[in-house]
Amino acid sequence: MSADSRIDPERLWGSLMDMAKIGATPKGGVKRLTLTDLDRQGRDRFVAWCKQAGLAVSVDGVGNIFARRAGRNNALPPVVSGSHLDTQPSGGRFDGCYGVMAALEVARTLNDRGIETEAPFEVAMWTNEEGSRFLPVMGASGAFAGAHTVEEILSARDLDGVSFGDALRAIGYAGTTPVGARKLGAYFEAHIEQGPLLENTGNSVGVVTGALGQRWFEVTVRGMDAHAGPTPMHLRRDALLGTSFMIQEVNRLARVNEHARGTVGMIINRPNSRNVVPGETVFSIDFRDTEVAGLDRMEQGIRAAAQRIAGEQGLEIDIRQTVFFPPCRFDAGCVAAVRAGAGRLGYRHMDIVSGAGHDAVHIASVAPTAMIFVPCEGGISHNEIENAKPEDLAAGCNVLLQAVLAQAG
Ligand SMILES: [Zn+2]
């Protein structure tokens with residue numbers, strides 16, 4: 001293996017810009033929702049590129065695509081790298097797509113240099129990472145890792161009542177390869193950071209050591225609808241006012257250390273009328289932290305606050321957990337391979353913890369895993385203006401090549 005093996009930055013950028021045309025939005029972003037006809041077009045283009053690169057393409061029962069480059073010893077478990085091609089409704093050009101195109105660029109570079117790895121190398125594309133059309137989010141990598149059953153994934157329905165399984169068959173990507181149940185030698189995922197740390201510190205590569213744990217709740221607050229005029233302030237049971245105190249508390253609980261996060265992003269207010277004291281609200285809480293103890297502390301804090309606020313305001317507050325991902329620590333050997341690659345190539349790099357969930361978080365439960373982050377402009381993602389510099393994207397891809405070579409031999 002040699003440190004001067006480099007990827008082709010222009011080819012990588014060209015692939016990203018070509019893929020961004022499929023589902024391009026007027027504001028410069030991409031809308032390519034999972035299992036739609038645009039998703040099919042993106043997959044078709046990706047598969048065509050894989051075949052041009054001489055890779056053997058297979059598709060599993062939840063639509064995950066694997067493109068395999070043989071090694072010297074094909075009995076060895078493959079080293080795998082990839083991400084997702086689906087986007088949010090107002091998504092950008094790089095979230096997910098970068099990880100798939102970077103892995104493809106690694107395969108193309110190995111071809112150009114005539115490098116034969118000991119273990120096979122595979123490019124992976126995971127179905128429905130975003131979860132914006134079908135729940136659960138990261139469902140197909142989760143099925144691969146055994147966190148969800150195939151039945152659970154295929155039976156999920158979108159808002160129009162269409163099932164995941166029917167949508168998958170309609171675009172022609174219901175594959176025959178069994179889901180999961182095989183050993184991977186290592187898994188690497190390159191991704192834009194989706195936060196501001198790398199840009200703010202002038203680093204071009206993030207060595208991702210793990211991901212924040214997440215605990216989500218759905219909270220229902222019940223008071224009583226009342227006329228905004230005749231009802232004196234002290235007789236009100238205002239569900240939205242109680243909710244506002246809860247939101248303050250979520251924010252306060254998450255401000256204790258640099259890794260904790262607390263967000264209320266969704267509220268339904270009933271009856272949502274200008275001259276009615278709100279009788280019921282439903283809202284979400286998203287807590288994140290590096291430690292389970294931190295998640296527990298925030299949960300206890302919000303439950304105690306709910307009891308106090310309910311008593312003071314004459315409300316009933318019901319808190320139900322909807323999502324739990326334990327904090328994830330990536331494999332020390334894979335993380336070291338990423339760090340060594342960045343060091344060898346002379347890129348400014350730092351260790352970083354992912355605040356977002358990624359397919360890699362599921363794969364980490366069944367294979368040695370690490371991620372590589374590159375900066376994105378202003379830390380902005382899940383937005384049509386999402387942007388990243390070609391030189392940073394190339395740097396992350398070069399580090400990926402080094403890490404793949406280190407693990408595939
Ligand atoms: Zn992503």
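## Where to start

Where is Asn128 found? In this predicted model, Asn128 sits in the loop between E4 and H4.

Asn128 has a positive phi of about 45°, although it is not a glycine. Most residues other than glycine have a negative phi, and most peptide bonds are trans. Is Asn128 buried or exposed? With 2% relative accessibility, Asn128 counts as buried, because buried means under 20%.

Met138 belongs to the loop between E4 and H4. Although Met138 is not a glycine, its phi is positive, at about 55°. Met138 is buried, with a relative accessible area of 3%.

Look next for Pro136, whose place is in the loop between strand E4 (121-125) and helix H4 (139-144). The peptide bond that runs from Leu135 to Pro136 is cis, and its omega is near -5°.

The peptide bond from Arg270 to Pro271 is cis, with omega near 0°. To find Pro271 in the structure, go to the loop between strand E10 (267-270) and strand E11 (276-277).

## The zinc site

Which residues are the protein donors of the zinc ion? They are His84, through NE2, Asp95, through OD, and His191, through NE2. These donors lie 2.0 to 2.2 Å from the zinc ion. Along the chain, the donors follow the spacing H-x10-D-x95-H.

His84 and Asp95 are eleven residues apart, and each is in the loop between strand E3 (79-83) and helix H3 (97-112).

## Helices H1 and H3

Now turn to how helices pack. Helix H1 (residues 9-20) and H3 pack at an angle of about 140°, and their axes are 10 Å apart. H1 and H3 are therefore oblique to each other. Their crossing is right-handed.

Which residues make the contact? From H1 come Arg11, Leu12, Ser15, Leu16 and Met19. From H3 come Cys97, Tyr98, Met101, Ala102, Glu105, Arg108, Thr109 and Asp112.

## Helices H10 and H12

Another pair to find is helix H10 (residues 332-344) with helix H12 (residues 390-408). H10 and H12 pack at an angle of about 130°, with their axes 8 Å apart. That angle makes H10 oblique to H12. H10 passes H12 in a right-handed crossing.

On the H10 side, the contact is formed by Gly333, Cys334, Ala337, Val338, Gly341, Ala342 and Arg344. Their partners in H12 are Val399, Gln402, Ala403, Ala406 and Gln407. How do the residues of this contact divide? There are seven nonpolar, four polar and one charged.

Terms used:
Residues numbered from 1 in each chain as written. Predicted model: local features only at pLDDT ≥ 70, side-chain atom pairs only at ≥ 80, totals over all residues. Heavy atoms only, no water. Axes fitted to C-alpha atoms, helices over the stretch in contact; angles between N-to-C directions. Helix = DSSP H or I, 4+ residues; strand = E, 2+ residues; numbered from the N terminus. Parallel < 35°, antiparallel > 145°, perpendicular 65-115°, else oblique. Left-handed = near helix turned anticlockwise from the far one by under 90°. Contact = heavy atoms within 4.5 Å. Nonpolar A, V, L, I, M, F, W, Y, C, P; charged D, E, K, R; others polar. Donors = N, O, S within 2.8 Å, 3.2 Å for Na, K, Ca; no water. Buried < 20%, exposed > 50% of the residue type's maximum accessible area, 1.4 Å probe, protein only.
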